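Let me put it up here and note down what I look up.

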Amino acid sequence: MSKQQDNLERKVSDARQGAHNTLGQDLSGKSAVEVAKTRSPKDMALWGLALASLIGATLVQYKLPGIWQPANDLWTRVGIIAALIVLAIICLALTNQGRSFKVLLKDASIELRRVTWPSKNETIQYTWQSLLVIGIVAVIVWLLDNLFNWLVGAFIG
């Protein structure tokens with residue numbers, strides 16, 4: 001167990017070092033959240049380009065066939081829409097926020113390795129316990145519903 005723990009700790013530190021390197025900045029003392037909050041002219045331009053390409057992707061279906069003859073073909077429009085969406089994703093991935101999101105995904109995968117998953121027997125046991133409690137609560141709610149229905153009927157009738 002100790003060897004696995006050491007291996008996991010090494011992977012965590014490697015992922016954090018990789019995060020420092022992939023962000024392309026000196027992050028000494030800065031967390032991924034702080035980096036994600038930074039704004040730069042490059043980020044604003046990339047966000048604008050991503051937004052423009054997504055808006056363009058929505059307008060391709062309606063506007064482009066009237067302007068450009070080859071866009072009357074369905075597969076041409078689908079290809080253009082897919083290219084614009086890919087361009088938007090690439091632009092967003094190149095921003096500080098996109099790089100921080102990649103770090104978040106790496107950290108989440110490392111945390112998933114730390115989770116102690118229940119065994120098959122524990123899962124079956126917990127499932128039956130949950131179903132039993134749900135059944136008991138359902139019967140109690142049904143009895144209360146019938147009681148209140150009877151009381152309301154007695155006062156009105």
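This is a predicted model: local features need pLDDT of at least 70, side-chain atom pairs count only at pLDDT 80 or more; totals for chains, interfaces and linings use all residues.

I started with Lys102, which I found in helix α5; helices here are DSSP runs of H or I with at least four residues, strands are runs of E with at least two, and both are numbered from the N terminus. Lys102 is partly exposed, with a relative accessible area of 43% (buried is under 20%, exposed over 50%, partly exposed in between, with a 1.4 Å probe and protein chains only). From C-alpha to C-alpha, Lys102 lies 9.7 Å from Ala32, although 70 residues separate the two in sequence.

Residues are numbered from 1 along each chain as its sequence is written, and side-chain values use heavy atoms, with hydrogens and water left out.

Next I looked at α5 as a whole. I listed its buried residues: Asn96, Gln97, Gly98, Arg99, Ser100, Val103 and Ile110.

Then I moved to Ser53, in helix α3 (residues 41–67). Is Ser53 buried or exposed? Ser53 counts as buried, because its relative accessibility is 4%. Beyond its neighbours within four places in sequence, Ser53 is in contact with Leu84, Leu87 and Ala88 (contact means heavy atoms within 4.5 Å).

Helix α4 takes in residues 74–93, and its axis is 8 Å from that of α3, at an angle of about 170° (axes are lines fitted to C-alpha atoms, for helices over the stretch in contact, and angles run from 0 to 180 degrees between N-to-C directions). The two are therefore roughly antiparallel, a label for angles over 145 degrees. Among the residues making the contact are Trp47, Ser53 and Pro65 of α3, and Arg77, Leu84 and Cys91 of α4. By type, the contact has 17 nonpolar residues, three polar and one charged (Ala, Val, Leu, Ile, Met, Phe, Trp, Tyr, Cys and Pro are nonpolar, Asp, Glu, Lys and Arg charged, and the others, including Gly, polar).

Last, I stepped back to the protein chain, which has six helices and zero strands. Of its 157 residues, 18% are buried.

Methods:
Angles under 35 degrees count as roughly parallel, over 145 as roughly antiparallel, 65 to 115 as roughly perpendicular and the rest as oblique.
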